[in-house]
Protein chains: 2
Amino acid sequence: MASKQQTSRKAAGTGAAIRRPETRAANGRADSGDTGDDIGLDALVGHAGYAVRRFQLWIFQDFIKTLATVDIRPTQYSVMTVIGANPGLSQMAVAKRLGIERARLVHLLDSLEERALVSRIQSATDRRSHALHLTGRGKTALAQFKRLAAEHERHVAEKIGKENREQLLQILASFT
Amino acid sequence: MASKQQTSRKAAGTGAAIRRPETRAANGRADSGDTGDDIGLDALVGHAGYAVRRFQLWIFQDFIKTLATVDIRPTQYSVMTVIGANPGLSQMAVAKRLGIERARLVHLLDSLEERALVSRIQSATDRRSHALHLTGRGKTALAQFKRLAAEHERHVAEKIGKENREQLLQILASFT
DNA sequence: ATCAATTGTTGTCGTCAACAACAATCTTTC
DNA sequence: GAAAGATTGTTGTTGACGACAACAATTGAT
């Protein structure tokens, strides 16, 4: 859209197998030829949003990795947890409770219903809404998910410290 | 994709003007007709990832709102901050430092270069890479952005408490 | 009975992370 | 010094996600 490239460059790279962030061979600086490993010195420290973003990224990746065997993502887990704790909720209620949109919840429930973990039951009192329930399979599955999620929480405790994790939960308790 | 709807329902709603989350008129439960306002009692408490996700959502929205007049998003701000503190960095170095992908940074720099805030200068030593600099306009603009970002940080402090914010920054310092 | 509001649904749009592939360009190695 | 490998910037695709807008069916209020 912009000026992009006035030069002749277009694209490049062999698509090498760089996987782990630890692997660093670049020099950093583009003009001065110093090592430039520790860029640091940024004014980014002191910004809560940046720290939280990086942490959220790490924590979600660990969650996904830890529950990869059961193929459950954080949002799916939260949906099943809320339904499991409050059977019969409407989609609207779940969406509002979790702060996600009705439209988004539709697809989430579609996939969970495909996998026979959740079932939408026609409400008796309100023919518009669905009463959400865990299936039998869903209940046993959620129990396993919770065990894996607990393992994930241990990873978090290892990463930032046990007491720091609890302090964090206390600080952010108003957002849950 | 899935079973979707076996019933005859298809779609509905007038798209009413529900904006603020405080507005709640739904009952919650779909079958039992109780009030069902406070769903709570979830097993979601104790999950760091969920709390962090909700908080990150809030903090980013406040950042975007606070810097709406200058039309700068959190990622754009972080890119300009790093370049401003370390002029001459390559795109690779900036991407690695901020934990974003090279591919993503390309578009970010495109938009910032469009607005004449950042300039890609051909490196003298490595003809592959670009040395990133803030333009004169970019420098003065970044100064204003930082003032607005400071205002945003005050919002965070008001939300979770001054000392809680500092504790949070300390806990998550290893991620910056 | 009429009109406004709610619920689930479909669709679009823009942001974002994760990959994969490529041309141009170093860097290494024989 | 030429060949092989790695790096940089770029383009493109995919999928998760949040934000809106619009709609049919249904409910509730008047």
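**Close-up views of a predicted two-chain model**

View 1. A:Ala116 is partly exposed, because its relative accessible area of 35% falls between the limits for buried (under 20%) and exposed (over 50%), taken with a 1.4 Å probe and protein chains only. The structure is a predicted model, in which local features need pLDDT of at least 70 and side-chain atom pairs count only at pLDDT 80 or more, while totals for chains, interfaces and linings use all residues. Residues are numbered from 1 along each chain as its sequence is written, chains are lettered from A and ligands numbered from 1 in the order in which they are written, and side-chain values use heavy atoms, with hydrogens and water left out. A:Ala116 sits in the loop of chain A between α4 (102–114) and β1 (118–122), where helices (H or I, at least four residues) and strands (E, at least two) are DSSP runs numbered from the N terminus. Although A:Ala116 is not a glycine, its phi is positive, at about 60°. Most residues other than glycine have a negative phi.

View 2. With a relative accessible area of 52%, B:Asp71 is exposed.

**View 3. Helices α2 and α3 of chain B.** Helix α2 (residues 74–85) and helix α3 (residues 91–98) of chain B pack with their axes 11 Å apart and at an angle of about 120°, the axes being lines fitted to C-alpha atoms over the stretch in contact and the angles running from 0 to 180 degrees between N-to-C directions. The contact (heavy atoms within 4.5 Å) involves B:Ser78, B:Val79, B:Val82 and B:Ile83 from α2(B), together with B:Val94, B:Arg97 and B:Leu98 from α3(B).

**View 4. B:His152 in helix α5.** B:His152 is part of helix α5 (residues 136–160) of chain B, and its relative accessibility of 2% means that it counts as buried. Leaving out residues up to four places away in sequence, B:His152 touches B:Ile59, B:Asp62, B:Phe63 and B:Thr66.

View 5. A:Phe55 is buried at 0% relative accessible area, whereas A:Trp58 is partly exposed at 21%. Ring pairs, defined for Phe, Tyr and Trp (its six-membered ring) by centres within 6.5 Å, link A:Phe55, A:Trp58 and B:Phe175 into a cluster.

Notes: Phe/Tyr/Trp six-rings, centres within 6.5 Å; stacked < 30°, edge-to-face > 60°.
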